[in-house]
Amino acid sequence: MTEIVALEALAARVASGLTLAVPVDRSGVAMAATAALIDAGVDNLHLVCVPISGMQADLLIGAGAIATLETSAISLGEAGGAPRFGAAVRAGSLTLRDATCPAIHAGLMAAQHGVPFMPIAGIIGSDLLEVRPDWKVIDSPVGEARKVVVVPAITPDVALFHAPEADRAGNVRIGRLRELATMAYAAKRTLVTVERIVDRNLLETEDSAAGVLPSLYVDSIAVAARGAWPLALWDEYPADEAEIARYAAMARSEEGFRAYLSTFLAHRKQVA
Amino acid sequence: MSSERERREILIATIADLLDGIRHVAVGASSPIPAAGAMLLRARNERDGKPPVRISILGSQAHNFFTNGGIELFDCAAQGRVDAFFLGGGQIDGEGNINLVGTGDYPRTDVRWPGSFGSAYLYHLIPRVILFREEHSPRVFVPKVDFVSARAITPEVPRRGGPYALLTNMALFDFDREAGGFALRSVHPPFTPADIRDNTGFSYAEPEVVRETPRPDPATLALLRGRILDDLAETYPAFARTMKQAA
């Protein structure tokens with residue numbers, strides 16, 4: 001059964017050393033939970049960005065929580081490059097697993113289907129194949145005789161995201177952001193923060209059920225109001241561009257990042 | 001200020017021309033000029049009774065008709081349902097290869113860019129990929145990229161996708177898939193073919209007479225300065241505001 005717990009208890013489900021999957025900025029990023037993870041001192045994580053990330057990954061990298069980074073890109077969007085990511089690459093303090101967006105989706109889908117790998121179009125000729133020896137080029141065993149890339153299944157220990165609402169049974173409304181479902185299908189455990197818990201049954205009608213991740217796939221839920229801030233939550237609030245720009249400016253230096261981080265963590269405690 | 005507006009207007013109108021004939025164009029996040037070019041084509045087709053144009057803007061809620069999650073654009077491209085797309089590059093070489101990862105030796109690159117995004121895949125699958133990079137300099141247009149995020153030509157596998165043109169602040173190039181390189185098509189005023197040679201680090205074919213990139217005609221400008229900026233404001237408010245203020 002899905003448990004409904006406090007934010008700190010949810011964050012405590014993420015132990016150091018686990019593989020953690022998180023969604024792209026627009027899909028509902030659990031920023032409040034990210035603050036709680038950093039506060040709890042989690043480290044040595046293998047972060048899988050589905051398929052890219054921004055401020056969330058940069059915060060975790062800056063806080064020293066990430067050992068391995070698997071992503072197709074890290075960028076703060078309009079606010080520019082991700083400064084702590086850049087610094088960590090220069091320092092060589094991360095193991096990089098550079099990817100391309102559909103390969104991350106394909107790896108998760110292999111896990112979703114319970115198969116060891118997934119074939120995927122394109123990619124041949126890219127140096128990503130040089131730096132990702134776990135991706136293979138094979139002769140297609142069926143159909144047209146041609147080369148095809150296969151990528152291994154990605155089975156995260158934990159998937160973590162933020163959504164508008166869940167019902168008391170633990171069903172979570174994800175709208176048309178099907179990548180959140182893919183993450184949950186693939187992951188061993190799924191943790192979700194929500195703006196609110198609703199009393200109605202989200203599976204009640206075909207209409208509502210179509211946009212819902214059933215509680216079968218959801219292990220823990222915590223309420224975190226404005227839990228994606230300063231990132232956007234679809235249909236709920238836009239991104240706080242000024243705050244993201246402030247982060248981008250401050251995080252250029254290690255000292256600036258530390259100052260930002262302590263305010264960010266303090267802000268979260270005030271909200272909670 | 002108004003010359004900055006003219007520069008952007010030439011780019012937007014050129015993109016609309018490059019997209020002529022397509023049914024569905026996808027535009028990546030943070031790409032106001034490509035998005036404006038796609039919207040201009042759509043508005044022009046509507047005005048002229050030509051077939052409608054679908055536009056998908058990644059990361060936009062309003063300009064996104066997909067309902068199957070982040071994978072759908074990629075599946076759609078694999079099915080041949082996306083005709084055109086835009087890619088950039090921290091480095092682009094004369095063979096049309098692009099680098100979105102960084103300079104120097106991987107993994108501890110001297111300069112690190114965000115990453116390859118969907119390029120390694122989409123370059124194979126979308127027929128009309130327009131390389132769009134505003135900065136036209138020898139550090140961007142290099143003889144050989146330091147990291148190939150996506151390769152333009154791969155004779156070892158069948159593909160329908162690849163580069164179609166390269167558009168910069170200074171010039172427009174066509175990509176010749178047979179020859180495996182770029183050919184200068186036109187130079188934007190006030191630049192000259194010599195400026196292009198000085199600022200391009202790779203070799204390319206140059207015709208004996210190089211045309212000037214045409215400025216948008218009055219009807220196109222009226223559409224662009226009116227409806228297109230209004231359409232654009234929803235996704236790129238700051239960009240649309242700057243363009244309006246320059247008027």
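How many residues does the contact take from chain A, and how many from chain B? I looked this up first. The contact takes 39 residues from chain A and 37 residues from chain B. I note here that the model is predicted.

**Entry: the chain A side**

I asked which elements of chain A supply the side that touches chain B. Five are listed, each with at least two residues there: α4 (83-91), β5 (95-98), α5 (101-113), α6 (128-131) and α7 (178-186) of chain A. Then I sorted that side by class. I found 16 nonpolar, 13 polar and 10 charged residues on the side of chain A that touches chain B.

**Entry: helix α4 of chain A**

Next I checked burial in α4(A). Its buried residues are P83(A), R84(A), F85(A), G86(A), A88(A) and V89(A). I also looked just past the helix. There, G92(A) takes a positive phi of about 70 degrees.

**Entry: a sheet in chain A**

What is the order of the strands in the open sheet of three strands? I read it as β6-β8-β7 (chain A), and the pairing is antiparallel. The edge strands are β6 (117-120) and β7 (136-139) of chain A, and each pairs on one side only.

Strands of a sheet pair through backbone hydrogen bonds, in either a parallel or an antiparallel way.

I then followed one pair. β6(A) and strand β8 (residues 147-152) of chain A pair over four bridges, in the antiparallel sense. In this pair, I120(A) stands opposite V149(A) of β8(A). What packs on the sheet? I found α5(A), which touches β6 and β8 of chain A. The direction of α5(A) makes about 145 degrees with that of β6(A).

**Entry: two helices of chain B**

I moved to chain B. Helix α6 (residues 218-233) and helix α7 (residues 237-245) of chain B pack at an angle of about 150 degrees. Their axes are 7 Å apart. Are α6(B) and α7(B) roughly parallel or roughly antiparallel? Angles over 145 degrees count as roughly antiparallel, so α6(B) and α7(B) are roughly antiparallel to each other. I noted their crossing as left-handed.

Which residues make this contact? From α6(B) come L229(B), L232(B) and A233(B). From α7(B) come P237(B), F239(B), A240(B), M243(B) and K244(B). By class, I recorded seven nonpolar, no polar and one charged residues in the contact of α6(B) with α7(B).

Notes
Residues are numbered from 1 along each chain as its sequence is written. Chains are lettered from A and ligands numbered from 1 in the order in which they are written. This is a predicted model: local features need pLDDT of at least 70, side-chain atom pairs count only at pLDDT 80 or more; totals for chains, interfaces and linings use all residues. Two residues are in contact if their C-beta atoms, placed from the backbone, lie within 7 Å. Ala, Val, Leu, Ile, Met, Phe, Trp, Tyr, Cys and Pro count as nonpolar, Asp, Glu, Lys and Arg as charged, and the others, Gly among them, as polar. A residue is buried if 20 or more other C-beta atoms lie within 10 Å of its own, exposed if 12 or fewer, and partly exposed in between; C-beta atoms are placed from the backbone. Two strands pair if DSSP finds at least two bridges between them. Axes are lines fitted to C-alpha atoms, for helices over the stretch in contact, and angles run from 0 to 180 degrees between N-to-C directions. Angles under 35 degrees count as roughly parallel, over 145 as roughly antiparallel, 65 to 115 as roughly perpendicular and the rest as oblique. A crossing is left-handed if the near helix is turned anticlockwise from the far one by less than a right angle, and right-handed if clockwise.
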